[in-house]
Amino acid sequence: MTLPALLPAVTASPVADAYARLNEVFPGLRAEILADGESAPGGPGWVGAHELAAGGDALDAFLAFDAEQVRRDYGQEGRPDVIASFGLHRYAWPACLLVTVPWFLHRRVPRVPVGDVSFQRALGHLTLRVREFACLPGDPAAGLPGARVVADETALRAEVLDAVAEHLAPVLEGFRPRMRRGKRALWGMATDEIVEGLWYVAHLLGEERRAMRELEALLPGTTEPYVGTAGFRELTGPGGASLPTRDRASCCLFYTLRPEDTCVTCPRTCDEERVRKLTPAP
């Protein structure tokens, strides 16, 4: 009897496990890798990163979500540059995780150019294609299609920064005319999105301190186009408790809506107020 030929095994993406773990600890965000030949989703609420980079009607529709949210939650109109800053943050924060989470968990760094990423913000759903990734020698994934083996951890950190910059540079250009900020301020925002996104997710993973060390090595303050260091420091809370905080390289402009309620990592927030906000209620 002739047996049918066995179908070749389907090889999962080398970063699929990292995205599954991200969704497990943070159900509000889902990163889905598209199969070969599978079209990116479209329809209401979906936007391609390349459309945001183009800065046209798709970006207008994207920012209308933020403008409506400000009117609903704060009962006022937000300045156009404030709305644009909110919108950029709400895209860049999850987009950076597409690169930093696989690096942090498995030492694999995917390339995610704007043409390969789409976002549905109301659902917290990202789709992407992973055509190429960097990894270290000895990684079991090193022989997979699209793998690029780099020499060591230093080289892999450079891949992280290059991959994020490749994705964010055109997006920043798309937002820039609406932001009233220069190039340095925009890359300060990018620095903050890298740090605060991974810091938050690592806290959920129970690996906050390791993430802080990794981010300090990733962003020592000398790597262009990024601006500033990871910015971590320690405060002392009640009873001598150690309270990690950081100083942002940029301002999110939330103070324009609630001047009395600055973010805990904002340079405008004094240490006494940070300690109050970071100390759990009795």
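The model is predicted, so local features need pLDDT of at least 70 and side-chain atom pairs count only at pLDDT 80 or more, while totals for chains, interfaces and linings use all residues. Residues are numbered from 1 along each chain as its sequence is written, and side-chain values use heavy atoms, with hydrogens and water left out.

To start with the overall picture, the protein chain has 8 helices and 9 strands. Here helices (H or I, at least four residues) and strands (E, at least two) are DSSP runs, numbered from the N terminus. The radius of gyration is 20 Å, close to the 19 Å that the globule rule gives for 282 residues, so the chain is as compact as a globular protein of that length. That radius is taken over C-alpha atoms, and the rule itself is 2.2 Å times the number of residues to the power 0.38. Along its principal axes, the C-alpha trace spans about 80 × 50 × 40 Å.

Buried residues make up 46% of the 282 residues; buried means under 20% relative accessible area, exposed over 50%, and partly exposed in between (1.4 Å probe, protein chains only). As for contacts (heavy atoms within 4.5 Å), take those with a separation of 6 or more: residues 24 or more positions apart account for 64% of them. The accessible surface comes to about 13,800 Å², and 55% of it belongs to carbon and sulfur atoms. These areas come from the Shrake-Rupley method with a 1.4 Å probe; for residues, only the protein chains shown count as cover.

Now for the rings. A search of the whole structure turns up 8 aromatic pairs. Rings of Phe, Tyr and Trp (its six-membered ring) pair if their centres lie within 6.5 Å; planes under 30 degrees apart count as stacked, over 60 as edge-to-face and the rest as tilted. Phenylalanine 62 and phenylalanine 119 make a tilted pair, 6.5 Å centre to centre with 50° between the planes. This pair links distant parts of the chain, with phenylalanine 62 in helix α3 (residues 57-74) and phenylalanine 119 in strand β4 (residues 117-120), 57 residues apart. Both phenylalanine 62 and phenylalanine 119 are buried.

Tryptophan 199 and phenylalanine 232 have ring centres 4.9 Å apart and planes at 75°, so they count as edge-to-face. Because tryptophan 199 sits in helix α6 (residues 183-205) and phenylalanine 232 in strand β8 (residues 232-236), the pair ties together parts that are 33 residues apart in sequence. Tryptophan 199 and phenylalanine 232 are buried too. Elsewhere, Phe26, Trp93 and Tyr200 form one aromatic cluster.

Leaving aside residues up to four places away in sequence, glutamate 214 touches Trp103, Phe104 and Arg107.

Finally, the backbone. Most residues other than glycine have a negative phi, and most peptide bonds are trans. A cis peptide bond, however, joins glutamate 224 and proline 225, with omega about 5°, and proline 225 is in the loop between α7 and β8. Arginine 180 has a positive phi near 55°; this residue lies in the loop between α5 (153-179) and α6 and is exposed, with a relative accessible area of 67%. Leucine 253 has a positive phi as well, near 70°. Leucine 253 belongs to the loop between β9 (242-246) and α8 (271-278), and is buried at a relative accessible area of 9%.
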